[in-house]
Amino acid sequence: MISLRNFALRRGERLLLSDVDLTMHAGYRVGVVGRNGTGKSSLFAAIRNEIEADKGDIDLPGKVRIASVAQETPSLPDPAIEFVLAGDVDVAAALRAEAKALAAEDWEAVAMAHHRLEEVNGYDASARAGKLLHGLGFPGDTHQRAVSSFSGGWRVRLNLARALMTPSDLLLLDEPTNHLDLDAVLWLEQYLLKYPGTLLLISHDREFLDNVTTHTLHLHGGKAKLYTGDYTAFERQRSEQLRLQQITHEKSQAERAHLQSFIDRFSASAAKAKQAQSRVKRLAKMAGTEAVRAERELTIEFAQPARLPFSLIRLNHVDAGYGEDKIILKDVAFGLEAGDRIGLLGVNGAGKSTLVKTLVGDLGPIHGTRSCHPDVRIGYFAQHTVESLKPAQSPIDHLRDLAPDAPMQSFRDFLGKWNFPGDRAFESVDGFSGGERARLALALIAWRQPNVLLLDEPTNHLDLEMREALAEALSLFEGAIVMVSHDRHLIGLVCETYWRVADGVVEPFAGDLDEYAAWLRSRASAQGNKPPKIPETPLPSVTPAKPAEPARKINPHKLAKAEARVAELEGKLAALETEMADPGVYSAGGARVAEIGRQQAQLRDALAKAEAEWSALYD
């Protein structure tokens, strides 16, 4: 149980929270939501006792174990699986003690280490760490790779795996889906649903919140209120409260009209395409939340293109990648036409960004051709776009670089629509938050009035309010859109068709996002859920993919034999562990203990080989 009593918290001179009184009971899965700057991460720091409350208390059970994700990952030589396993401090210490005792042939210490391993459930710790890595997208052949060999995004996943490995009664997760692909997000959802402790989750992904949380903690205006239910339930409850507070009729009516036009557009799409059905389901969840949406201060727009030719960009039999020796995608046939709204699916590293860069023209085809209508004007948001803003320059400076002769007032009017009013338009971007920088980057794209939007993870720094505004703006955009995003709410509302990028192939996916999630689950059970290969070097963060091979049938005889071999070795290991737990085994001076230790090492090696052979039957 977590109780906040008369709780107040400041950051510098700014009051974040005041007079907060609430209780979260054991087993709650709480989504912590609110605009950027309302104190979500500071609340987590206070719970971890890293900062002190300005007033009041946070009451936690005396022996509560807290786990959270580290913000940094040192460049370590340690193998990935050992880094993750070290999240369980007691198990890691027991394994070190066992290794030290065996090396010294100190049989009494060996017995103590084994007893300790049994106490802390350490015998299956390596398997648990391996499953966490596997679920977050790390294939088996990367588990022994040094932490330092992974790129930044993969190190974030290692930190998450380590936090999940840590025994805890209270788990604090701050934006855990950042740097995850959709496949890993879906796995994490299922994992968290089985977590037995209390979960506090900061996320701007409403689908993730809806699927995981049982309660919602809303931080707003210096206050915190706990709602029963997921994010959609929270919106409905808050909407009712706002209506009772008599939101102005004119503003409410205007927003309802805007939302209705949004719904009408997609209802029409649903009549034409099966893929649009998921959009109708998502819109249905938003019904009854108009007041919450009317309360929102931010509304953005992409101006309609001056020209919109029908055929925009086409890739003809293109091999795409980073050179003849680093081909990622083969024989791509992809055409983009006016009004297309395409979502790209697939794990990180499969080639989604490579496809987008090829469509943009940043990567020329290695083989084949890219054709582009002369009137095409591309708006491209890449994963590095936010970092490419010019230091010390203001939003006005950035616009002046794009249009030196445009009048100042046009800049100010435009930036005001993107929530950079008044003096904010003249402030240096150096002091902007990640969300503000991402909003400015999108505004600079909108200024160019593109007729094609190629968006590669545009939401990583955006809060829920900005994501909703972006979804509505894109829904009204008449040009073509290709989007990569792990935010299912955004991609589900905007995109009408989906293409899957995997195994070097780009091909249409006949279904919506719900069907994709179901397909992933069925594929995982049938094929062993093998993730893609992870690149050794951070840049480019992809690995050359092999052309797709025809599926081959699994030999049931070989499969049964392989499964029996794995079971046999596991049984032998279990028998040896039982024998080691018997005090009598140490009576002969330790000779039998040494022999058991050697047998265990041989059996573990054999088991690893057998599991690899068993898994290979699904390839």
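**Notebook: sheet, cavity and a few residues**

I began with strand 3 (residues 29–33) and strand 7 (residues 198–202), which run parallel to each other and share 4 bridges. For my notes, helices (H or I, at least four residues) and strands (E, at least two) are DSSP runs numbered from the N terminus, and two strands pair if DSSP finds at least two bridges between them. Within this pair, I found Arg29 opposite Leu199 of strand 7.

A reminder to myself: this is a predicted model, where local features need pLDDT of at least 70 and side-chain atom pairs count only at pLDDT 80 or more, while totals for chains, interfaces and linings use all residues. Residues are numbered from 1 along each chain as its sequence is written, and side-chain values use heavy atoms, with hydrogens and water left out.

**The sheet around that pair**

I then looked up the sheet of 6 strands: it is open, its order is 5-6-7-3-8-9, and its pairing is mixed. Strand 5 (66–68) and strand 9 (223–228) are the edges, each pairing on one side only. From one strand to the next I noted an average twist of 20 degrees (axes are lines fitted to C-alpha atoms, for helices over the stretch in contact, with angles from 0 to 180 degrees between N-to-C directions).

**The whole chain**

I read off 21 helices and 18 strands. Of the 619 residues, 49% count as buried; buried means under 20% relative accessible area, exposed over 50%, and partly exposed in between (1.4 Å probe, protein chains only). Among contacts (heavy atoms within 4.5 Å) with a separation of 6 or more, 72% join residues 24 or more positions apart.

**A cavity**

On a 1 Å grid over the protein atoms alone, a cavity is a set of points where a 1.4 Å probe fits but cannot get out, and lining residues have an atom within 4 Å of a point. Grid points are joined across faces, edges and corners, and a volume is the space filled by probe spheres set on the points. That gave me 3 cavities of 30 Å³ or more.

Helix 17 (464–475) and helix 18 (488–494) are the elements giving two or more residues to it, and helix 17 gives the most, with 3 residues. I sorted the lining into 2 nonpolar, 2 polar and 4 charged residues (Ala, Val, Leu, Ile, Met, Phe, Trp, Tyr, Cys and Pro are nonpolar; Asp, Glu, Lys and Arg are charged; the others, Gly among them, are polar).

**Leu158**

Leu158 sits in helix 6 (residues 152–165). I call Leu158 buried because its relative accessibility is 0%. Setting aside neighbours within four places in sequence, I listed its contacts: Ala80, Phe83, Val84, Leu133, Phe138, Val147 and Phe150. I also checked Leu132, 26 residues away along the chain, and the C-alpha atoms of Leu158 and Leu132 are 9.3 Å apart.

**Two positive phi values**

Asn6, in strand 1 (residues 2–11), has a phi near 50 degrees. Asn6 counts as partly exposed because its relative accessibility is 34%. Ala392 has a phi near 70 degrees and lies in the loop between strand 14 (378–381) and helix 14 (395–402). At 55% relative accessibility, Ala392 counts as exposed.

Terms used
On a 1 Å grid over the protein atoms alone, a cavity is a set of points where a 1.4 Å probe fits but cannot get out, and a pocket is an open set with protein on both sides within 12 Å along at least five of seven lines; lining residues have an atom within 4 Å of a point.
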